[in-house]
Amino acid sequence: MTAAAGNLKVDGARLWTSLMDMAEIGPGVAGGNNRQTLTDADGEGRALFARWCEAAGLTMGVDAMGTMFATRPGTDEAALPIYVGSHLDTQPTGGRFDGVLGVLAGLEVIRTLNDLDIRTKHPIVVTNWANEEGARFAPAMLASGVFAGVIDLEHAYSRSDADGLTYGAELERIGWKGDEEVGARRMHAYYELHIEQGPILEAEDVDIGVVTHCQGLWWLEFTLEGREAHTGSTPMAMRVNAGLAIGRILESVQRIAMEEQPDAVAGVGQARFFPNSRNVLPGKVVFTVDLRTPDAEKLARMRYRIETEAAAICEGLGVGCAVEAVGHFEPVTFDEALVGNVRAAAEELCYSHCNIVSGAGHDACWAAQVAPATMIFCPCKDGVSHNEAEEITPEWAEKGTNVLLHAVLKSAEVVV
(Lines give C-alpha, C1' and ligand atoms only; values in the text may rest on other atoms or scores of the structure.)
Protein backbone atom coordinates (compact mmCIF):
# COMPACT_ATOMS: atom_id res chain seq x y z
CA MET A 1 0.00 0.00 0.00
CA THR A 2 1.27 3.46 -0.81
CA ALA A 3 1.88 6.07 1.90
CA ALA A 4 -1.13 8.02 0.66
CA ALA A 5 -3.34 4.94 0.87
CA GLY A 6 -2.02 4.25 4.36
CA ASN A 7 -3.59 7.51 5.57
CA LEU A 8 -7.00 6.79 4.08
CA LYS A 9 -10.17 7.42 6.06
CA VAL A 10 -13.77 6.94 4.99
CA ASP A 11 -16.40 9.69 5.11
CA GLY A 12 -18.04 8.88 8.44
CA ALA A 13 -20.82 11.43 8.00
CA ARG A 14 -21.79 9.96 4.61
CA LEU A 15 -21.80 6.44 6.08
CA TRP A 16 -24.04 7.52 8.95
CA THR A 17 -26.44 9.29 6.61
CA SER A 18 -26.74 6.11 4.55
CA LEU A 19 -27.47 4.07 7.67
CA MET A 20 -30.19 6.50 8.73
CA ASP A 21 -31.68 6.62 5.22
CA MET A 22 -31.89 2.82 5.09
CA ALA A 23 -33.50 2.81 8.56
CA GLU A 24 -36.40 4.85 7.14
CA ILE A 25 -37.46 1.73 5.22
CA GLY A 26 -39.40 -0.79 7.28
CA PRO A 27 -39.48 1.24 10.50
CA GLY A 28 -40.26 -0.54 13.73
CA VAL A 29 -42.48 0.79 16.48
CA ALA A 30 -39.72 1.82 18.91
CA GLY A 31 -36.95 3.32 16.79
CA GLY A 32 -35.66 0.18 15.13
CA ASN A 33 -36.64 -1.76 12.03
CA ASN A 34 -38.96 -4.50 10.84
CA ARG A 35 -37.55 -5.34 7.41
CA GLN A 36 -37.92 -9.09 7.36
CA THR A 37 -36.69 -11.22 4.48
CA LEU A 38 -38.67 -11.01 1.22
CA THR A 39 -41.28 -8.62 2.57
CA ASP A 40 -42.21 -5.49 0.65
CA ALA A 41 -39.94 -3.53 3.00
CA ASP A 42 -37.04 -5.84 2.15
CA GLY A 43 -37.71 -5.19 -1.52
CA GLU A 44 -37.64 -1.42 -0.93
CA GLY A 45 -34.37 -1.66 0.98
CA ARG A 46 -32.84 -3.72 -1.80
CA ALA A 47 -33.95 -1.19 -4.40
CA LEU A 48 -32.37 1.69 -2.47
CA PHE A 49 -29.11 -0.22 -2.08
CA ALA A 50 -29.15 -1.01 -5.81
CA ARG A 51 -29.60 2.67 -6.68
CA TRP A 52 -26.67 3.63 -4.46
CA CYS A 53 -24.51 0.94 -6.05
CA GLU A 54 -25.40 2.12 -9.54
CA ALA A 55 -24.49 5.70 -8.57
CA ALA A 56 -21.12 4.40 -7.35
CA GLY A 57 -20.46 2.78 -10.74
CA LEU A 58 -20.92 -0.80 -9.54
CA THR A 59 -22.32 -3.63 -11.64
CA MET A 60 -25.09 -5.56 -9.90
CA GLY A 61 -25.54 -9.32 -10.05
CA VAL A 62 -28.25 -11.30 -8.24
CA ASP A 63 -28.24 -15.04 -7.69
CA ALA A 64 -31.17 -17.47 -7.56
CA MET A 65 -31.44 -17.08 -3.77
CA GLY A 66 -31.77 -13.30 -4.06
CA THR A 67 -28.30 -12.41 -2.80
CA MET A 68 -27.01 -9.15 -4.32
CA PHE A 69 -23.42 -8.74 -5.55
CA ALA A 70 -22.25 -5.23 -6.53
CA THR A 71 -18.87 -5.28 -8.27
CA ARG A 72 -16.15 -2.66 -8.67
CA PRO A 73 -13.74 -3.99 -11.32
CA GLY A 74 -10.06 -4.50 -10.67
CA THR A 75 -7.19 -3.89 -13.05
CA ASP A 76 -6.46 -7.61 -13.45
CA GLU A 77 -9.33 -9.46 -15.09
CA ALA A 78 -7.91 -12.78 -13.92
CA ALA A 79 -7.71 -11.78 -10.25
CA LEU A 80 -10.38 -13.20 -7.96
CA PRO A 81 -12.54 -10.62 -6.18
CA ILE A 82 -12.43 -9.47 -2.57
CA TYR A 83 -15.94 -9.77 -1.11
CA VAL A 84 -17.26 -7.55 1.67
CA GLY A 85 -20.76 -7.36 3.08
CA SER A 86 -23.42 -8.68 5.40
CA HIS A 87 -27.24 -8.44 5.24
CA LEU A 88 -30.06 -5.89 5.04
CA ASP A 89 -32.87 -8.05 6.46
CA THR A 90 -33.83 -7.58 10.12
CA GLN A 91 -35.61 -9.25 12.99
CA PRO A 92 -39.33 -8.38 13.44
CA THR A 93 -38.23 -5.99 16.20
CA GLY A 94 -34.68 -5.45 14.99
CA GLY A 95 -32.18 -2.64 15.19
CA ARG A 96 -30.83 -0.28 12.56
CA PHE A 97 -27.27 -1.65 12.45
CA ASP A 98 -27.23 -5.46 12.73
CA GLY A 99 -26.08 -6.57 9.28
CA VAL A 100 -26.87 -3.23 7.68
CA LEU A 101 -23.61 -1.71 8.91
CA GLY A 102 -21.59 -4.39 7.10
CA VAL A 103 -23.34 -3.84 3.77
CA LEU A 104 -23.25 -0.05 3.83
CA ALA A 105 -19.68 0.00 5.17
CA GLY A 106 -18.73 -2.02 2.10
CA LEU A 107 -20.43 0.57 -0.07
CA GLU A 108 -18.63 3.36 1.80
CA VAL A 109 -15.31 1.63 1.09
CA ILE A 110 -16.14 1.78 -2.62
CA ARG A 111 -17.25 5.41 -2.44
CA THR A 112 -13.99 6.35 -0.72
CA LEU A 113 -11.89 4.58 -3.35
CA ASN A 114 -13.90 6.34 -6.06
CA ASP A 115 -13.42 9.73 -4.40
CA LEU A 116 -9.66 9.30 -4.41
CA ASP A 117 -9.45 7.43 -7.72
CA ILE A 118 -7.68 4.49 -6.10
CA ARG A 119 -7.58 1.36 -8.23
CA THR A 120 -7.02 -2.18 -7.03
CA LYS A 121 -5.69 -5.26 -8.75
CA HIS A 122 -8.56 -7.40 -7.44
CA PRO A 123 -12.20 -6.52 -8.00
CA ILE A 124 -14.17 -5.65 -4.85
CA VAL A 125 -17.71 -6.97 -4.46
CA VAL A 126 -20.19 -5.56 -1.93
CA THR A 127 -22.64 -8.29 -0.89
CA ASN A 128 -26.13 -8.29 0.58
CA TRP A 129 -26.78 -11.89 1.63
CA ALA A 130 -30.45 -12.88 1.62
CA ASN A 131 -32.20 -14.17 4.74
CA GLU A 132 -29.36 -13.98 7.22
CA GLU A 133 -31.67 -13.52 10.18
CA GLY A 134 -33.89 -16.56 9.63
CA ALA A 135 -36.69 -14.77 11.50
CA ARG A 136 -39.26 -15.38 8.76
CA PHE A 137 -37.72 -18.41 7.04
CA ALA A 138 -35.61 -20.80 9.13
CA PRO A 139 -32.77 -21.53 9.24
CA ALA A 140 -30.68 -18.40 9.59
CA MET A 141 -27.92 -17.65 7.06
CA LEU A 142 -30.00 -19.47 4.47
CA ALA A 143 -28.66 -17.93 1.25
CA SER A 144 -25.01 -18.06 2.30
CA GLY A 145 -25.59 -21.67 3.34
CA VAL A 146 -26.82 -22.50 -0.15
CA PHE A 147 -23.86 -20.57 -1.59
CA ALA A 148 -21.47 -22.69 0.47
CA GLY A 149 -23.16 -25.90 -0.62
CA VAL A 150 -24.34 -26.94 2.84
CA ILE A 151 -28.06 -26.26 2.18
CA ASP A 152 -29.90 -27.54 -0.88
CA LEU A 153 -31.45 -24.88 -3.12
CA GLU A 154 -34.82 -26.60 -3.45
CA HIS A 155 -34.91 -27.18 0.29
CA ALA A 156 -34.30 -23.46 0.78
CA TYR A 157 -37.09 -22.57 -1.64
CA SER A 158 -39.49 -24.82 0.30
CA ARG A 159 -38.96 -23.08 3.65
CA SER A 160 -42.22 -21.52 4.82
CA ASP A 161 -43.16 -18.71 7.16
CA ALA A 162 -45.85 -18.67 9.85
CA ASP A 163 -48.50 -18.04 7.17
CA GLY A 164 -47.38 -20.95 5.00
CA LEU A 165 -45.76 -18.74 2.35
CA THR A 166 -42.61 -20.27 0.89
CA TYR A 167 -39.23 -18.66 0.36
CA GLY A 168 -39.26 -19.47 -3.35
CA ALA A 169 -42.70 -17.97 -3.96
CA GLU A 170 -41.99 -14.81 -1.96
CA LEU A 171 -38.65 -14.32 -3.72
CA GLU A 172 -40.51 -14.38 -7.04
CA ARG A 173 -43.23 -12.09 -5.72
CA ILE A 174 -40.92 -9.24 -4.71
CA GLY A 175 -38.96 -9.53 -7.97
CA TRP A 176 -35.51 -10.33 -6.58
CA LYS A 177 -34.92 -13.85 -7.87
CA GLY A 178 -31.75 -13.56 -9.93
CA ASP A 179 -30.48 -15.78 -12.72
CA GLU A 180 -26.99 -16.44 -11.33
CA GLU A 181 -26.22 -19.96 -10.17
CA VAL A 182 -25.87 -19.93 -6.39
CA GLY A 183 -22.29 -20.60 -5.34
CA ALA A 184 -20.77 -20.22 -8.80
CA ARG A 185 -18.78 -17.16 -7.75
CA ARG A 186 -15.23 -17.63 -6.48
CA MET A 187 -13.69 -15.45 -3.78
CA HIS A 188 -10.12 -14.42 -3.08
CA ALA A 189 -11.15 -13.28 0.42
CA TYR A 190 -14.25 -12.31 2.39
CA TYR A 191 -14.48 -9.58 5.06
CA GLU A 192 -17.54 -8.80 7.17
CA LEU A 193 -17.92 -5.82 9.52
CA HIS A 194 -20.61 -6.27 12.17
CA ILE A 195 -21.69 -4.84 15.48
CA GLU A 196 -20.50 -7.07 18.32
CA GLN A 197 -24.00 -7.96 19.58
CA GLY A 198 -22.39 -8.36 22.98
CA PRO A 199 -21.08 -6.10 25.78
CA ILE A 200 -17.34 -6.85 25.78
CA LEU A 201 -15.92 -4.10 23.55
CA GLU A 202 -17.92 -1.28 25.12
CA ALA A 203 -17.28 -2.52 28.67
CA GLU A 204 -13.54 -2.66 28.05
CA ASP A 205 -13.49 0.60 26.02
CA VAL A 206 -12.00 -1.14 22.97
CA ASP A 207 -12.54 0.25 19.46
CA ILE A 208 -12.20 -2.90 17.36
CA GLY A 209 -12.85 -6.59 17.88
CA VAL A 210 -10.51 -8.76 15.82
CA VAL A 211 -12.69 -11.82 15.32
CA THR A 212 -10.66 -15.02 15.42
CA HIS A 213 -13.42 -17.63 15.74
CA CYS A 214 -17.17 -18.06 15.50
CA GLN A 215 -19.03 -20.32 17.89
CA GLY A 216 -20.56 -23.52 16.64
CA LEU A 217 -24.29 -23.89 17.17
CA TRP A 218 -27.08 -26.42 17.51
CA TRP A 219 -30.76 -25.47 17.48
CA LEU A 220 -32.65 -28.45 18.90
CA GLU A 221 -36.43 -28.34 18.54
CA PHE A 222 -38.17 -30.48 21.16
CA THR A 223 -41.76 -31.66 20.90
CA LEU A 224 -43.17 -32.90 24.20
CA GLU A 225 -46.44 -34.86 24.15
CA GLY A 226 -48.45 -34.91 27.37
CA ARG A 227 -52.20 -35.13 27.99
CA GLU A 228 -54.56 -32.18 28.02
CA ALA A 229 -56.48 -32.04 31.27
CA HIS A 230 -58.30 -29.56 33.49
CA THR A 231 -55.84 -27.79 35.79
CA GLY A 232 -58.35 -27.61 38.61
CA SER A 233 -59.92 -31.04 38.63
CA THR A 234 -57.03 -33.34 37.64
CA PRO A 235 -55.20 -34.80 40.66
CA MET A 236 -51.48 -34.06 40.71
CA ALA A 237 -50.50 -37.70 40.70
CA MET A 238 -52.66 -38.43 37.62
CA ARG A 239 -51.23 -35.75 35.32
CA VAL A 240 -49.11 -36.29 32.20
CA ASN A 241 -47.76 -32.78 32.27
CA ALA A 242 -45.70 -31.57 29.32
CA GLY A 243 -45.49 -28.16 31.04
CA LEU A 244 -43.70 -29.71 34.02
CA ALA A 245 -41.35 -31.53 31.65
CA ILE A 246 -40.22 -28.35 29.90
CA GLY A 247 -39.64 -26.71 33.27
CA ARG A 248 -37.30 -29.46 34.35
CA ILE A 249 -35.56 -29.49 30.97
CA LEU A 250 -34.94 -25.73 31.20
CA GLU A 251 -33.18 -26.29 34.53
CA SER A 252 -31.14 -29.06 32.94
CA VAL A 253 -30.08 -26.85 30.02
CA GLN A 254 -28.95 -24.11 32.41
CA ARG A 255 -26.99 -26.53 34.58
CA ILE A 256 -25.27 -28.24 31.65
CA ALA A 257 -24.16 -24.90 30.18
CA MET A 258 -22.75 -23.82 33.54
CA GLU A 259 -20.93 -27.12 33.95
CA GLU A 260 -19.33 -26.69 30.50
CA GLN A 261 -17.74 -23.33 31.28
CA PRO A 262 -15.79 -21.50 30.02
CA ASP A 263 -16.98 -20.48 26.54
CA ALA A 264 -20.32 -22.29 26.47
CA VAL A 265 -23.87 -20.94 26.41
CA ALA A 266 -27.33 -22.49 26.12
CA GLY A 267 -30.89 -21.37 26.62
CA VAL A 268 -34.47 -21.38 25.36
CA GLY A 269 -35.88 -18.30 23.68
CA GLN A 270 -39.05 -19.74 22.16
CA ALA A 271 -41.70 -22.08 23.55
CA ARG A 272 -45.26 -22.81 22.43
CA PHE A 273 -47.90 -24.46 24.59
CA PHE A 274 -50.93 -26.22 23.12
CA PRO A 275 -53.80 -25.47 23.54
CA ASN A 276 -52.28 -22.52 25.49
CA SER A 277 -55.28 -22.07 27.76
CA ARG A 278 -54.83 -20.88 31.34
CA ASN A 279 -56.92 -23.71 32.83
CA VAL A 280 -55.81 -26.59 30.60
CA LEU A 281 -52.65 -28.59 31.14
CA PRO A 282 -50.76 -28.58 27.83
CA GLY A 283 -51.09 -31.63 25.67
CA LYS A 284 -48.08 -30.52 23.68
CA VAL A 285 -45.14 -28.18 24.17
CA VAL A 286 -42.73 -27.23 21.38
CA PHE A 287 -39.54 -25.33 22.19
CA THR A 288 -36.04 -24.78 20.83
CA VAL A 289 -32.79 -25.08 22.74
CA ASP A 290 -30.00 -22.85 21.39
CA LEU A 291 -26.53 -24.07 22.42
CA ARG A 292 -23.20 -22.60 21.33
CA THR A 293 -19.46 -22.89 21.92
CA PRO A 294 -16.30 -22.42 19.83
CA ASP A 295 -15.10 -25.88 20.96
CA ALA A 296 -16.31 -28.63 18.57
CA GLU A 297 -15.88 -31.43 21.12
CA LYS A 298 -17.76 -29.48 23.77
CA LEU A 299 -20.53 -28.63 21.29
CA ALA A 300 -21.14 -32.32 20.55
CA ARG A 301 -21.00 -33.22 24.25
CA MET A 302 -23.50 -30.52 25.21
CA ARG A 303 -25.96 -31.71 22.58
CA TYR A 304 -25.66 -35.30 23.78
CA ARG A 305 -26.11 -34.34 27.42
CA ILE A 306 -29.13 -32.12 26.79
CA GLU A 307 -30.90 -34.69 24.62
CA THR A 308 -30.12 -37.54 27.01
CA GLU A 309 -31.30 -35.70 30.12
CA ALA A 310 -34.43 -34.41 28.37
CA ALA A 311 -35.37 -37.94 27.36
CA ALA A 312 -34.87 -39.19 30.93
CA ILE A 313 -36.95 -36.35 32.39
CA CYS A 314 -39.81 -37.04 29.99
CA GLU A 315 -39.70 -40.79 30.57
CA GLY A 316 -40.01 -40.23 34.30
CA LEU A 317 -43.14 -38.12 33.77
CA GLY A 318 -44.71 -40.34 31.12
CA VAL A 319 -44.34 -37.55 28.56
CA GLY A 320 -43.40 -38.25 24.95
CA CYS A 321 -40.23 -36.56 23.71
CA ALA A 322 -39.05 -36.03 20.14
CA VAL A 323 -36.16 -33.83 19.06
CA GLU A 324 -35.17 -32.44 15.66
CA ALA A 325 -32.01 -30.49 14.83
CA VAL A 326 -33.32 -27.41 12.97
CA GLY A 327 -30.08 -25.42 12.81
CA HIS A 328 -26.38 -26.25 12.97
CA PHE A 329 -22.93 -25.11 12.06
CA GLU A 330 -19.58 -26.21 13.33
CA PRO A 331 -17.21 -23.78 15.09
CA VAL A 332 -15.26 -21.66 12.62
CA THR A 333 -11.62 -20.61 12.83
CA PHE A 334 -11.17 -17.57 10.62
CA ASP A 335 -8.28 -17.24 8.19
CA GLU A 336 -5.05 -16.38 10.00
CA ALA A 337 -3.74 -14.07 7.26
CA LEU A 338 -6.99 -12.07 7.04
CA VAL A 339 -7.23 -11.86 10.82
CA GLY A 340 -3.68 -10.48 10.69
CA ASN A 341 -4.76 -7.90 8.11
CA VAL A 342 -7.54 -6.69 10.41
CA ARG A 343 -5.21 -6.50 13.39
CA ALA A 344 -2.57 -4.66 11.37
CA ALA A 345 -5.16 -2.21 10.05
CA ALA A 346 -6.33 -1.39 13.59
CA GLU A 347 -2.74 -0.84 14.69
CA GLU A 348 -1.94 1.39 11.70
CA LEU A 349 -4.97 3.51 12.53
CA CYS A 350 -4.00 3.64 16.23
CA TYR A 351 -7.29 2.07 17.31
CA SER A 352 -7.47 -0.06 20.44
CA HIS A 353 -8.30 -3.66 19.63
CA CYS A 354 -8.58 -7.15 21.08
CA ASN A 355 -9.18 -10.67 19.88
CA ILE A 356 -12.78 -11.78 20.24
CA VAL A 357 -14.96 -14.81 19.48
CA SER A 358 -18.32 -14.25 17.80
CA GLY A 359 -21.18 -15.55 19.90
CA ALA A 360 -23.64 -15.23 17.01
CA GLY A 361 -23.72 -16.88 13.61
CA HIS A 362 -22.94 -14.79 10.55
CA ASP A 363 -22.75 -15.23 6.77
CA ALA A 364 -18.97 -15.16 7.20
CA CYS A 365 -19.26 -18.57 8.86
CA TRP A 366 -20.52 -20.12 5.61
CA ALA A 367 -18.25 -17.97 3.42
CA ALA A 368 -15.33 -19.42 5.39
CA GLN A 369 -16.27 -22.85 3.99
CA VAL A 370 -15.40 -21.74 0.45
CA ALA A 371 -12.77 -18.99 0.84
CA PRO A 372 -10.48 -17.29 3.34
CA ALA A 373 -12.75 -15.17 5.56
CA THR A 374 -12.80 -13.09 8.70
CA MET A 375 -14.86 -10.51 10.59
CA ILE A 376 -14.43 -7.14 12.28
CA PHE A 377 -16.52 -6.08 15.27
CA CYS A 378 -17.34 -2.60 16.50
CA PRO A 379 -18.99 -2.00 19.89
CA CYS A 380 -22.71 -1.68 20.48
CA LYS A 381 -24.32 -0.01 23.47
CA ASP A 382 -24.86 -2.38 26.40
CA GLY A 383 -24.42 -5.31 24.02
CA VAL A 384 -28.08 -5.01 22.99
CA SER A 385 -29.01 -6.48 19.59
CA HIS A 386 -32.04 -8.14 17.95
CA ASN A 387 -33.90 -5.35 19.69
CA GLU A 388 -35.19 -1.98 18.55
CA ALA A 389 -33.06 -0.37 21.29
CA GLU A 390 -29.87 -1.52 19.47
CA GLU A 391 -27.51 1.46 19.18
CA ILE A 392 -23.99 2.34 18.09
CA THR A 393 -22.20 5.68 17.77
CA PRO A 394 -21.14 7.31 14.50
CA GLU A 395 -17.55 7.10 15.74
CA TRP A 396 -17.76 3.34 16.27
CA ALA A 397 -19.21 2.88 12.80
CA GLU A 398 -16.52 5.05 11.22
CA LYS A 399 -13.64 3.31 12.99
CA GLY A 400 -14.93 -0.12 12.05
CA THR A 401 -15.29 0.95 8.44
CA ASN A 402 -11.80 2.46 8.39
CA VAL A 403 -10.41 -0.89 9.54
CA LEU A 404 -12.48 -2.63 6.88
CA LEU A 405 -11.09 -0.26 4.22
CA HIS A 406 -7.47 -0.87 5.18
CA ALA A 407 -7.87 -4.64 5.55
CA VAL A 408 -9.60 -4.88 2.18
CA LEU A 409 -6.86 -2.89 0.49
CA LYS A 410 -4.25 -5.27 1.91
CA SER A 411 -5.99 -8.09 0.09
CA ALA A 412 -7.14 -6.18 -3.01
CA GLU A 413 -3.64 -4.71 -3.69
CA VAL A 414 -3.55 -1.02 -4.54
CA VAL A 415 -2.30 -0.28 -8.06
CA VAL A 416 0.17 2.61 -8.14
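**Exercise 1.** Determine which residues Leu104 touches, leaving out those up to four places away in sequence.

Solution. Taking contact as heavy atoms within 4.5 Å, one finds that Leu104 touches Leu15, Ser18, Leu19, Met22, Phe49 and Trp52. The model is a predicted one, in which local features need pLDDT of at least 70 and side-chain atom pairs count only at pLDDT 80 or more, while totals for chains, interfaces and linings use all residues. Residues are numbered from 1 along each chain as its sequence is written, and side-chain values use heavy atoms, with hydrogens and water left out.

**Exercise 2.** Describe how helix H11 (residues 336-348) packs against helix H13 (residues 394-412).

Solution. Helices here are DSSP runs (H or I, at least four residues), numbered from the N terminus. With axes fitted to C-alpha atoms over the stretch in contact, and angles running from 0 to 180 degrees between N-to-C directions, H11 and H13 pack at about 130°, their axes being 8 Å apart. Angles under 35 degrees count as roughly parallel, over 145 as roughly antiparallel, 65 to 115 as roughly perpendicular and the rest as oblique; H11 and H13 are therefore oblique to each other. Among the residues making the contact are Leu338 and Asn341 of H11 and Val403 and His406 of H13.

Technical notes:
Helix = DSSP H or I, 4+ residues; strand = E, 2+ residues; numbered from the N terminus.
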